[in-house]
Amino acid sequence: MTPILSTKGLTAFYGDFQALFGVDVEIAPGETVALIGANGAGKSTFLRSIMGLIRVKPEMIQLDGRPVGGEPPHRIVSGGVAIVPEGRRLFAGMTVEENLRVAIDNASGRDGTWTLDRVFSLFPILKEKRREPAQRLSGGQQQMVSIGRALLNQPRLLLCDEISLGLAPRVIREIYEIMPEISEAGTAVVLVEQDVSLAKQASDRLYCMLEGRITLTGRSGEISRDQIAAAYFGGSDAVA
Ligand SMILES: Nc1ncnc2c1ncn2[C@@H]1O[C@H](COP(=O)(O)OP(=O)(O)OP(=O)(O)O)[C@@H](O)[C@H]1O
Ligand SMILES: [Mg+2]
């Protein structure tokens, strides 16, 4: 089966600073893959490269086997990729429903199963608060809006950048509980996550990144804590 996403020797730079050093990742349609790694490992840079926010060579990123590296973000989005960005990035002056409707307008013409009602049934609290300004919501509720907005782009591949960051354990659980429903809709997911147990539980496969390189990959249920520790922090047996 052709992977929905594959990166081949992906490198990325901020000016002279190299942040990614030949990253090879493959994701099958509908699969959920976790990407873990310490602060500064390159996780967000990896997602930003896929979204077309960093210049890379065409063949370094392939969607459905088609080279798309360096295409502008709108082309990537219309190819079926959506991101829940680091820090949520909602439109503060707009209501919950307006924030969600922006995505519906963007996705016009694209088929998909996600509707405003379906997002509201995923996160009922958003229906209650639909007319409130987004900035008045709690951090967890804002994260739900950000996820809902990404889903309304009708993605086949959803990239999530540290959706649990700064949230209470109960809220994190509430958000992760809906992930299976996203997978059942056929959407492949990349979960960037600093909480390693959460990442393992929520994914089929896992990649660990250290200083811009993949240091470990395997099935999430088969990777040991020791392997992860070595790959996460570096050390003699970090590269499997
Ligand atoms: N806009 C930028 N300009 C210059 N360097 C950057 C920029 N963004 C990130 N970097 C550097 O690139 C490297 C990778 O950063 P990145 O944000 O991808 O890490 P991360 O794994 O997402 O970390 P975190 O867990 O803190 O979000 C770091 O050394 C970081 O300092
Ligand atoms: Mg990051």
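Reader: Against which helices do the buried residues of α3 pack?
Author: In this predicted model, the buried residues of α3, which spans residues 96-106, are Val96, Glu97, Asn99, Leu100 and Ala103. Their contacts are with helices, and the partners are α4 (116-122), α5 (124-128) and α6 (139-151).

Reader: Why are the buried residues on the same side of α3, and what arc do they cover?
Author: The residues concerned are Val96, Glu97, Asn99, Leu100 and Ala103, each buried in α3. They lie on the same side of α3 because the arc that they cover around the axis is only 165 degrees.

Reader: How many of the residues of helix α1 are buried?
Author: Helix α1 covers residues 43-50, and Lys43, Ser44, Thr45, Phe46, Leu47, Ser49 and Ile50 are buried in it. The helix is therefore largely enclosed by the rest of the structure, the buried count being seven of the eight residues.

Reader: Which residue just after α1 takes a positive phi?
Author: The backbone just after α1 has a phi of about 85 degrees at one position. The residue is Gly52.

Reader: Across which strands does α1 lie, and at what angle does it run to β1?
Author: Strands β1 and β4 belong to an open sheet of four strands, ordered β2-β1-β4-β5 with antiparallel pairing. The edges are β2 (17-27) and β5 (66-67); each has a single partner strand, so one side of each has no neighbour in the sheet. Helix α1 lies across β1, β2 and β4, and its angle to β1 is about 110 degrees.

Reader: What is the bridge partner of Ser6 in β4?
Author: Strand β1 (residues 5-14) and strand β4 (residues 61-63) run antiparallel and are joined by three bridges. Within β4, the partner of Ser6 is Gln62.

Reader: Which strands stand at the edges of the sheet of six strands?
Author: This open sheet has the order β6-β7-β8-β3-β9-β10, with mixed pairing. Its twist averages 15 degrees from one strand to the next. The strands that pair on one side only are β6 (81-84) and β10 (213-219).

Reader: In what sense do β6 and β7 pair, and what is the bridge partner of Val81?
Author: Four bridges connect β6 with β7 (residues 157-161), and the sense of the pairing is parallel. In β7, the partner of Val81 is Leu157.

Reader: What angle does the direction of helix α10 make with that of β9?
Author: Helix α10 (residues 225-233) packs on the sheet and touches β3 (32-36), β9 (205-210) and β10. Relative to the direction of β9, that of α10 makes about 35 degrees.

Methods. Residues numbered from 1 in each chain as written. Chains lettered and ligands numbered in written order. Predicted model: local features only at pLDDT ≥ 70, side-chain atom pairs only at ≥ 80, totals over all residues. Heavy atoms only, no water. Buried < 20%, exposed > 50% of the residue type's maximum accessible area, 1.4 Å probe, protein only. Helix = DSSP H or I, 4+ residues; strand = E, 2+ residues; numbered from the N terminus. Arc of directions from axis to C-beta. Contact = heavy atoms within 4.5 Å. Pairing = 2+ DSSP bridges. Axes fitted to C-alpha atoms, helices over the stretch in contact; angles between N-to-C directions.
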